[in-house]
Amino acid sequence: MPDAVDLLADFTAPQPYTRDTVARAPRSPGVHVVLEHGVVIYVGRTKNLRERLRQHLTGDRIASVLHEQVGHELDKRGAEATASDVADWLAQREVRWHETDNPEGAKESLVVALKPRFNRQVPK
């Protein structure tokens with residue numbers, strides 16, 4: 001099985017997951033990954049990379065599975081995590097993306113191979 005480096009060869013270089021980075025993302029379909037210390041912790045797919053990355057970063061638990069999963073993780077520390085808490089946490093991680101006309105297939109392959117901790121379901 002290929003390792004994460006091989007699987008992410010066509011992706012952008014890792015970048016801080018900030019509003020500035022998101023503003024530079026294309027409005028194209030694609031797949032994106034969030035990394036923590038170089039390990040993929042989330043894989044997502046979308047028809048519009050810039051919009052979806054923005055939703056994860058600035059949205060809420062209803063609009064974004066990643067926001068929901070990170071919020072739940074942060075809730076374990078005490079009080080319910082706010083949207084700002086989630087955005088601050090994500091800003092300490094990195095994001096990469098790859099434009100593709102088949103984001104569904106790309107996401108499924110990555111989730112199966114990498115088993116990221118913040119993906120709710122691993123396809124069979």
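Residues are numbered from 1 along each chain as its sequence is written, and side-chain values use heavy atoms, with hydrogens and water left out. Because the model is predicted, local features need pLDDT of at least 70 and side-chain atom pairs count only at pLDDT 80 or more, whereas totals for chains, interfaces and linings use all residues.

Helices (H or I, at least four residues) and strands (E, at least two) are DSSP runs, numbered from the N terminus. Four strands form an open sheet in the order β1-β4-β2-β3, with antiparallel pairing, where two strands are taken to pair if DSSP finds at least two bridges between them. Strands β1 and β3 stand at the edges with a single partner strand each, so one side of each is left without a neighbour in the sheet. Helix α6 (residues 103–114) packs on the sheet and touches β2 and β3, contact meaning heavy atoms within 4.5 Å. The direction of α6 makes about 160° with that of β3; axes are lines fitted to C-alpha atoms, for helices over the stretch in contact, and angles run from 0 to 180 degrees between N-to-C directions.

Strand β1 (residues 15–16) is joined to β4 by two bridges, and Q15 has V95 as its bridge partner in β4. Six bridges join β2 to β4; V31 stands opposite H98, and V33 stands opposite R96. W97 also lies in β4 (residues 94–99) and, at 7% relative accessibility, counts as buried, a term that means under 20% relative accessible area, with exposed over 50% and partly exposed in between (1.4 Å probe, protein chains only). Not counting residues up to four places away in sequence, W97 touches F11, T12, Q15, T21, R24, A25, P26, V31, H32, L49 and L53. The C-alpha atoms of W97 and V22 are separated by 10 Å, although these residues are 75 residues apart along the chain.

In helix α5 (residues 83–91), the buried residues are V86, A87, W89 and L90. They cover an arc of only 160° around the axis, which puts them on the same side of α5; the arc is that of the directions from the helix axis to the C-beta atoms. The cover of these residues includes β2 (30–36), β3 (39–46), α3 (49–58) and α4. In α4, the residues L66, H67, Q69, V70, G71, L74 and D75 are buried, and what covers them includes β2, β3, α3 and α5.

At the start of α4, a side-chain oxygen of S64 reaches to within 3.3 Å of the backbone nitrogen of L66. D75 belongs to α4 (residues 65–75), and a polar atom of the D75 side chain lies 2.7 Å from the backbone nitrogen of A81. Beyond the residues up to four places away in sequence, D75 touches R61, E80 and A81.

A nonpolar core is a set of buried Ala, Val, Leu, Ile, Met, Phe, Trp, Tyr and Cys residues joined through side-chain atoms within 4.5 Å. Of the 20 residues in the largest such core, Y17, L66, V70 and L90 touch the most other members. The elements that give two or more residues to this core are β3, α3, α4, α5 and β4, and the largest share, four residues, comes from α5. Apart from this core lies another, of nine residues, among them L8, V31, L35 and V40. Leaving aside neighbours within four places in sequence, V70 is in contact with V86, W89, L90 and F118.

How values were computed
Polar contact = N/O pair within 3.5 Å; in protein donor to acceptor, adjacent residues only side chain to side chain.
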